[in-house]
Structures are given as C-alpha cells and as structure tokens.
Amino acid sequence: MKVAFAGTPEFAREALHAILQAGFSVPLVLTQPDRPAGRGMKLQASPVKQLALEHGIAVSQPTSLKLDGKYPDEARAAQAALQAAQPDVMVVAAYGLILPQWVLDLPRLGCLNIHGSLLPRWRGAAPIHRAIEAGDAETGITIMQMDAGLDTGDMLLIEKDAIRPEDTTAVLHDRLAHLGGRMIVEALELAACGGLKATPQPAEGITYAHKIDKAEAAIDWHLPAATLARRVRAFDPFPGCTFTLGEQTIKLWSASVVPGSGVPGEVLHAQGDTLVVACGEQALALHTLQRPGGKRIPARDFLHAAGELPRHLGPA
C-alpha cells in the first residue's frame, strides 16, 4: 500500500518515522515551505522534510493547496505530484495547511489524520496546550477520517493517555507523538485489509483548541494560582508565561500552588530558594525562571542575582 504523507513539525516526523519503520511505501511527502529559524534566521527545512530527504522521498512544499487561491501554480504542482504518486491513502499530522476537497478525494482510502486529543474535545490547532491549561485529567490520540470540516470526521481509532501533574506541553507532546506513530501504523495495517471501522463523533462535548497567541503569555496575578500553574505548564515550551521585574520581562517555567494571601502580584516571600507571589486565590511558588538572554535557572539563583525585589510584580 502506498502512503502519501503530509506533516511539518516533530510531532509529524515521529509518525512518518513509524510508517517507514513499518515498511510502508511512501512515494511523496508534503510539508510546509522552509522557514527562517535560529539566531542567524537561515532557512531551515521542517523535521518532516529532513527525514524524507534522508530516505530519498520526493518532497512537495506548496504555500497553499487551493487551486483557485493566491498560489495556484504551487497548488497545481502539488496536485500533479500527488496524482503521479498514486497513493492509496494519505496520512496527515500537524501539516499546517487546510486540505481542499480535491486532496481529500484523491487517495482511494481518503486521508487519515493523527489528532492529539480525544475528539470531539479539543478540535483545532492547539489540543495539547489547551488540555493541560483546562486541567483535563486525560487526553490521547484520535485517528480520524478527514472530511471538509475542522476535525469533524469519523473516528477510526482512539486511545487515552493520562495527563500527569508534572506534564508540560513539551513532555506530553513527545508522549503523544510516539503514541500517534504507533496508532497510525495500526490504522494503516487495518486499512490494508479493510478492517477499519468508522464511528461518527458525538454531538456533545465539542470544544475548540484555539491557536496559542503570544499575548496569552502575560501573567494576570488576579487569576487563581491553580489556573496560573496549569498555564505555566501548558505554555512550555511556547510562548512561556511572563511577568515584569522593573523593566525586564521574566519568563516563568515552573511553579506550584501554595497557601498564601495578599494583593495579587504581591511578593509574599523571597528568600533562600523560595519566591512566592499572591494570586487571586492562594499563592504561586515560582521555581524556575529566565531573564532575557539567559538560561532557565532555579529560584535560588534568580533571587541571588536579583537582590532585593519590589513588593509587587507586574504583568508582562
């Protein structure tokens, strides 16, 4: 069975690696165009493109797949490449482009998506972040038959994974990426013998995981400490949670809820290895912080370098 693959970041690379390791033929990979990255802002290939080139797989990088859109020549070139590849199925994982109907209809078995949530909860762009931020007890992977809607297609396989108290988005991402790779291989093996069974998504419990905006990084000390602690974990590694110390913007990378009360943003304790700030409910102990241009450091080192802190910390 020939499998076309569409994906871009590390989450998708894990799936492509699993598909190749399982012995499936991958004649074509679609991925996002190279982007500037790093301090030198040099063009960098996506993790999926890098793996595809290592295996000698043809790569197509259209800016859009809409034949009547802003980049019709790129879309038509991608269409020709897909038609030439003659895939039986396309696997899609964190690709970053909307698939028009012509793509969904091209493979005889359609397009299978690896989605990082238990659908219909957390449809959309940032399901891992939003599950942690919301305090969900569990998440997982749904292998879905794609249709024209936003993560609305029938469910083919679903597997749960508990969200642990210490999980950040970075940690949970890696665990779900591995799970998604294993599950898509299982789905492809079932598809090859006609064993996949589709189940419509429930009409109840639909939520949307909107894309993370940098503006969400600023800490609002008026929120409950438990909300802020979850947000700190959800926004690691991007965009990070921030507050101001004088004219500096400080990033907070780990924190926990502790007893305490005061004016939101008030520094309740700043001594030794303990930095505690009052919130709308309870208080937040700040454990790992980062100054602009610096590395992540524990609160003890941060306090030692900071000297005497102001009575209140501001939002970023």
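User: At 11% relative accessibility, does Trp122 count as buried or exposed?

Analyst: The model is a predicted one, in which local features need pLDDT of at least 70 and side-chain atom pairs count only at pLDDT 80 or more, while totals for chains, interfaces and linings use all residues. Numbering starts from 1 along each chain as its sequence is written, and side-chain values rest on heavy atoms, with hydrogens and water left out. A residue is called buried under 20% relative accessible area, exposed over 50% and partly exposed in between, using a 1.4 Å probe and protein chains only. With its 11%, Trp122 is therefore classed as buried.

User: What is the phi of Trp122, and in which loop is the residue found?

Analyst: Most residues other than glycine have a negative phi. Trp122 is found in the loop between β7 and β8, where helices (H or I, at least four residues) and strands (E, at least two) are DSSP runs numbered from the N terminus. Its phi is positive although the residue is not glycine, with a value near 65°.

User: How far is the charged end of Arg296 from the centre of the ring it sits over?

Analyst: A charge sits over a ring if NZ of Lys or CZ of Arg is within 6 Å of the ring centre and within 35 degrees of the ring normal. For Arg296 the ring is that of Trp253, and the charged end lies from the ring centre at 3.6 Å.

User: How many residues apart in sequence are the parts that the pair of Asp34 and Lys49 ties together?

Analyst: A salt bridge is a side-chain nitrogen of Lys or Arg within 4 Å of a carboxyl oxygen of Asp or Glu. The side chains of Asp34 and Lys49 meet in one, at 3.2 Å from N to O. Asp34 lies in the loop between β2 (28–30) and β3 (35–37) whereas Lys49 belongs to helix α2 (residues 47–54), so the number of residues separating these parts is 15.

User: With which residue does Glu133 form a salt bridge, and what is the distance between the closest N and O atoms?

Analyst: The partner of Glu133 is Arg231, and this pair links helix α5 (residues 127–134) with helix α7 across 98 residues. Glu133 is buried, with a relative accessible area of 13%, and Arg231 is buried as well, with 19%. The salt bridge joins Glu133 to Arg231, the closest N and O atoms being apart by 3.2 Å.

User: How many salt bridges does the count come to?

Analyst: One of them pairs Glu138 with Lys160, the closest N and O atoms being 3.7 Å apart. That pair links strand β9 to strand β10, 22 residues apart. Salt bridges that share partners also join Arg130, Glu133, Glu216 and Arg231 into one network. The count of salt bridges comes to twelve.
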